[in-house]
Amino acid sequence: LFAAVEMAPRDPILGLNEQFNADPNPAKVNLGVGVYFDENGKLPLLKCVAEAERAMLADPKARGYLPIDGIAAYDKAVQGLVFGADSAVLAEKRVATVQAIGGTGGLKIGADFLKRLNPGARVLISDPSWENHRALFSNAGFQVETYPYFDAANLGVNFEGMLAALNSAAAGTVVVLHACCHNPTGYDLTPVQWSQVVEVVKARGLVAFLDMAYQGFGEGIAEDGAVIQQFLASGLNFFVSTSFSKSFSLYGERVGALSVVCASGEEASRVLSQLKIVIRTNYSNPPTHGAQVVATVLSSPALRALWEEELAGMRLRIRAMRSALVSALQAAGVSQDLSFVTRQKGMFSYSGLSAAQMQRLRSEFGIYGVDSGRICVAALNEKNLPAVAAAMAAVLRG
Ligand code: PLP
Ligand code: TYF
């Protein structure tokens, strides 16, 4: 039966984790996967999460099936966070939100729904993008192409190229946009550039799908979500996937959501009914624990304040590590202008190192980053930084 089954390639990022775990080098550092580690190199359990879990344990509940679209209080909390609790679209009940299995699950529900809605549409993702964007939309049956994004010459966004590609896209084309903290480059659009994107999406009749996996890791919760307000103000209908993997350090609980902004409350209930079919025929209904934790934190003023403080702590520590990396590289004799590292947002730095240099970092120094040159700055700390900077300086010297 399986004689003709071919070996599938490993995920380029998650595959690196396996390689890292198997490496006996005691000095190894994992800057591959996008995971935030604290100043001691440990995956944090946020205090707000631990407190919510204590409260949940103090009043234990039986675990029935959740509704297909998840915990109502969770979906409501997601909507408040993404669109703003006082947003008119929420008052008008124009948003269909479903709990999802991580941000990936939100993207997948949206992709499957879009495929039923408009089977012939093409999907555009940024060049480069999180690799799973391509895989996920391809597996949902779409032809996936790219729009220019990274400008290697100027170390930023090739905005002219991006806009030109969107301008020449056919009506109905789905455009996947990173709402903030672009993965892998770390370069985001400015508010003015976003307004131009919104205009083109509207003028050309494109379908925007905003992937928000790092809200709060760039400039702040509201700042990182500002693009959503621009899309709302345009009156467009659009998709937003949410992930709490990073912002709550709840990677393994798989907590995410999909929200679809519709033209009316009545339309939103029809859309919701279709999203529920997608969910029902995939995994029936979502799990309880992670979403209950997030709902508990977001709906308690004290826990929410604690979360915002802890999220700011992660954001500021990443920023401090960006500056520290630049200083350490300069101190190690690297003469190139590295200020771009501090201009990038979120967990990643597109370091500009070649695949060969990244491979040398791994084989000679036990420092694991992605071959594209992407390193996870959120995994740097005072202790591993000197070794990382020395190794990067060595491979940059050639
Ligand atoms: N979208 C982007 C851009 C990501 O980097 C990630 C990272 O994991 C995801 C979506 C998926 O999030 P989750 O782990 O919650 O599925
Ligand atoms: O880009 C990253 O490192 C994170 C984690 O298939 C991740 O988004 C990577 C690959 C993958 C799922 C999650």
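Helix α2 (residues 47-58) packs against helix α12 (residues 289-299) at an angle of about 105 degrees, and their axes are 9 Å apart. Please keep in mind as you read that this is a predicted model.

**The α2 and α12 pair**

- Two packed helices are described by the angle between their axes and the distance between the axes.
- At about 105 degrees, the angle falls in the range of 65 to 115 degrees, and α2 and α12 are therefore roughly perpendicular to each other.
- On the α2 side, the residues that meet α12 are C48, V49, A52, E53, A55 and M56.
- Their partners in α12 are Q292, V293, T296 and V297.
- Sorted by class, this contact has seven nonpolar residues, two polar ones and one charged one.
- A305 itself belongs to helix α13 (residues 301-331), and A305 is exposed because it has 12 other C-beta atoms within 10 Å, where 12 or fewer is the cut-off.

**Around ligand 1**

- The residues surrounding ligand 1 are G34, G102, G103, T104, W130, H178, N183, D211, A213, S243, S245 and G256.
- Helix α5 (residues 102-117) gives the largest share of this shell, with three residues.
- By class, the shell has nine polar residues, two nonpolar ones and one charged one.
- One of the shell residues, N183, also takes part in a cis peptide bond, with P184 as the next residue.

**Helix α7: one side buried**

- M162, A165 and L166 are the buried residues of helix α7 (residues 159-167).
- Looking down the axis of α7, these buried residues fall within an arc of 100 degrees, so they line one face of the helix.
- E160 and N167 are exposed on the other side of α7.
- The buried residues of α7 pack against the strands β3, β4 (143-148), β6 (156-157) and β7, and against helix α8.

- In helix α15 (residues 355-365), the buried residues are M358, L361 and R362.
- Viewed down the axis of α15, they fall within an arc of 90 degrees, so they line one face of the helix.
- A356, S363 and E364 are exposed on the other side of α15.
- What the buried residues of α15 pack against is β12 (367-368) and α16 (385-397).
- Just after α15 comes G366, with a positive phi of about 70 degrees.

**Backbone spots to look at**

- As background, most residues other than glycine have a negative phi, and most peptide bonds are trans.
- D127 and P128 are joined by a cis peptide bond with an omega of about 0 degrees, and P128 sits in the loop between β3 (122-127) and α6 (131-139).
- The peptide bond from N183 to P184 is cis too, with omega near 20 degrees; P184 is in the loop between β7 (174-178) and α8 (191-204).
- K93 is not a glycine, yet its phi is positive, at about 55 degrees.
- K93 lies in the loop between α4 (88-91) and β2 (95-101), and K93 counts as partly exposed because it has 13 C-beta neighbours inside 10 Å.

**C181 and its surroundings**

- C181 is a residue other than glycine with a positive phi, near 50 degrees.
- The loop between β7 and α8 holds C181.
- C181 counts as buried because 27 C-beta neighbours lie inside 10 Å, and the cut-off for buried is 20 or more.
- Leaving aside neighbours within four places in sequence, the contacts of C181 are D188, Y214, F217, G218, K345, G346 and M347.
- One of these contacts, K345, is 164 residues from C181 in sequence, with 5.0 Å between their C-alpha atoms.

Definitions and conventions. Residues are numbered from 1 along each chain as its sequence is written. Chains are lettered from A and ligands numbered from 1 in the order in which they are written. This is a predicted model: local features need pLDDT of at least 70, side-chain atom pairs count only at pLDDT 80 or more; totals for chains, interfaces and linings use all residues. Axes are lines fitted to C-alpha atoms, for helices over the stretch in contact, and angles run from 0 to 180 degrees between N-to-C directions. Helices (H or I, at least four residues) and strands (E, at least two) are DSSP runs, numbered from the N terminus. Angles under 35 degrees count as roughly parallel, over 145 as roughly antiparallel, 65 to 115 as roughly perpendicular and the rest as oblique. Two residues are in contact if their C-beta atoms, placed from the backbone, lie within 7 Å. Ala, Val, Leu, Ile, Met, Phe, Trp, Tyr, Cys and Pro count as nonpolar, Asp, Glu, Lys and Arg as charged, and the others, Gly among them, as polar. A residue is near a molecule or strand if its C-beta atom, placed from the backbone, lies within 6 Å of it. The arc is that of the directions from the helix axis to the C-beta atoms.
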